[in-house]
Amino acid sequence: TGIFGSMRMQFLGATRTTTGSMYLLETNGQKILLECGLFQGRRGETMERNRTFPFNPRKLDAVVLSHAHMDHAGNLPNLCKQGYTGNFYCTFATRDLSAIMLEDSAEIQKADAAFVSKKRAKAGLPPVEPLYSAIDADQAVRQFVSLNYDRPMLIADGVTLTFRDAGHILGAAQVVLDIRENGRRFRYVFSGDVGRGQDDILRDPQPVEDVDFLQVEATYGAREHSARANVDESLAQLLRETLDHQGKVIIPAFSIGRTQQIVYTLHQLTDDGKLPQVPIYVDSPLSVNATEVFRLHPECFNDQIYRFLRERENPFGMENLTYIREVAHSMKLNELKDAAIIISASGMCEAGRIRHHLANHIGNASNLILFIGYCAEHTLGAQILDGKSPVNIFGEPHKVRARIHSIDAFSGHADKHELRRYVEAMTGDLKKIAVIHGEESQCLGFAETLRTIKPKAEVLVPEFQQTIEF
């Protein structure tokens, strides 16, 4: 940018899709990266995009992270591996969750590379390296600098960062950047992922004032979620239909956010006598560790669960609930004869122990596979939800005989009405809005909504690698 240049943002991921969030901001001759997420999709494209950055990591001045999900934070160790030595700014809970997420991800990278290398060896091709190692992940965590919500901090020349609660997962934030550039001042807000509000565990997203430019997610920008009001009743009924006939309920769930929410809901339903006391297993070392982190961060809780935690008991623990870390204990679950609920990661069924549970249980008509979160296109979860049968798990075809059900009321993402309210609650003379992080139809749909509620703003839906001046 020349001396009179204006701030530029290059959209390097999660454009007209939901994965691989990454945005490069340039102002006052400096480069600030927002998010550094893993792209998830078809294997070949995925490897290539995650390995190579379209910029020089050594030339970055700062990196800002909105929350700890892999599609936002999962490629941070690769930045370090390729020479970035600066700070990663985030909230305290995001740092703690990222520490366990990235270590876990390094193990998955290792396993994935081994799997691909084995296939390549058969074709006489050289092996592939993991994207990054546990040592790279550890290095990344050492570069984290944590701030609380609402604590402004100067992170680069003329750039002040403030985090506001986004209500999406524990520690999730909206990124508020107050920028001084060539004698002008303006406020740029990146929404991060926006929660629905009225969450069982988290606080509502906080409105931001005096906004000039907005970059907003649209995961469900053109869709409505079912109402939360009767979800507990219909969930209890759905589970009982399977459990009363000694079937198993398999719930693929993200380790961070959805797992804790479903555990809290099952706790309430069991306490209220709406569910039989069947064994419940959380089978994911990452989920176990994440739940420990949740208990360390009551600053992120809403009043109701904060009181529950202080006055009654651990909201994420009960007598019939077992958290499983060890592989041997996990494999024992295959021998279960009676009714049980197994919650396991990953939510999109792309990695982790959930694939073993699906391989063992998806062929049995008395079982239920219950999805409670978002599945990106082309993932195993999306294929199962689309009614595909057989599906490939570990390279083997499996006929789908189990009942498949999805409840979107547990979504951590605002739907089109909630997103609309989120933007309506913002004050300021909004001049430009960029819509990101949603499949194309969702982004374009939400862009239409924004043109009606903010008629003065120019609303854009960036393409991959497009640069926009602000």
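Predicted model: local features only at pLDDT ≥ 70, side-chain atom pairs only at ≥ 80, totals over all residues.
Among contacts in the protein between residues at least 6 apart in sequence, what percentage join residues at least 24 apart? The figure is 75%, where a contact means heavy atoms within 4.5 Å.

Residues are numbered from 1 along each chain as its sequence is written, and side-chain values use heavy atoms, with hydrogens and water left out.

## The whole protein

Let's start with the big picture. The secondary structure comes to 14 helices and 22 strands. Its radius of gyration is 22 Å, close to the 23 Å that the globule rule gives for 470 residues, so the protein is as compact as a globular protein of that length. That radius is taken over C-alpha atoms, and the globule rule is 2.2 Å times the number of residues to the power 0.38. Helices (H or I, at least four residues) and strands (E, at least two) are DSSP runs, numbered from the N terminus.

Along its principal axes, the C-alpha trace spans about 70 × 55 × 40 Å. Of the 470 residues, 57% count as buried, meaning under 20% relative accessible area with a 1.4 Å probe, protein chains only.

## Strand 13, covered on both sides

Now pick out strand 13, residues 280–283. In a regular strand the side chains alternate between the two faces of the sheet. Here both faces are covered: Ile280 and Val282 are buried on one side, and Tyr281 and Asp283 are buried on the other.

Strand 13 has parallel pairings with strand 14 (residues 321–324), over four bridges, and with strand 15 (residues 340–344), also over four bridges. Two strands pair if DSSP finds at least two bridges between them. On the strand 14 side, Tyr281 stands opposite Thr322; in strand 15, Ser344 is the bridge partner of Asp283.

Ser411 counts as buried because its relative accessibility is 8%.

What does the side chain of Ser411 reach at 3.0 Å? It reaches the backbone nitrogen of His413. A polar contact of 3.5 Å also joins the side chains of Ser411 and His225. (A polar contact is a pair of N or O atoms within 3.5 Å; within protein, one must be able to donate a hydrogen and the other to accept it, and residues adjacent in sequence count only if both atoms are side-chain atoms.) Leaving out residues up to four places away in sequence, Ser411 touches Arg196, Tyr220, His225, Arg258 and Ile372.

How values were computed
Buried < 20%, exposed > 50% of the residue type's maximum accessible area, 1.4 Å probe, protein only.
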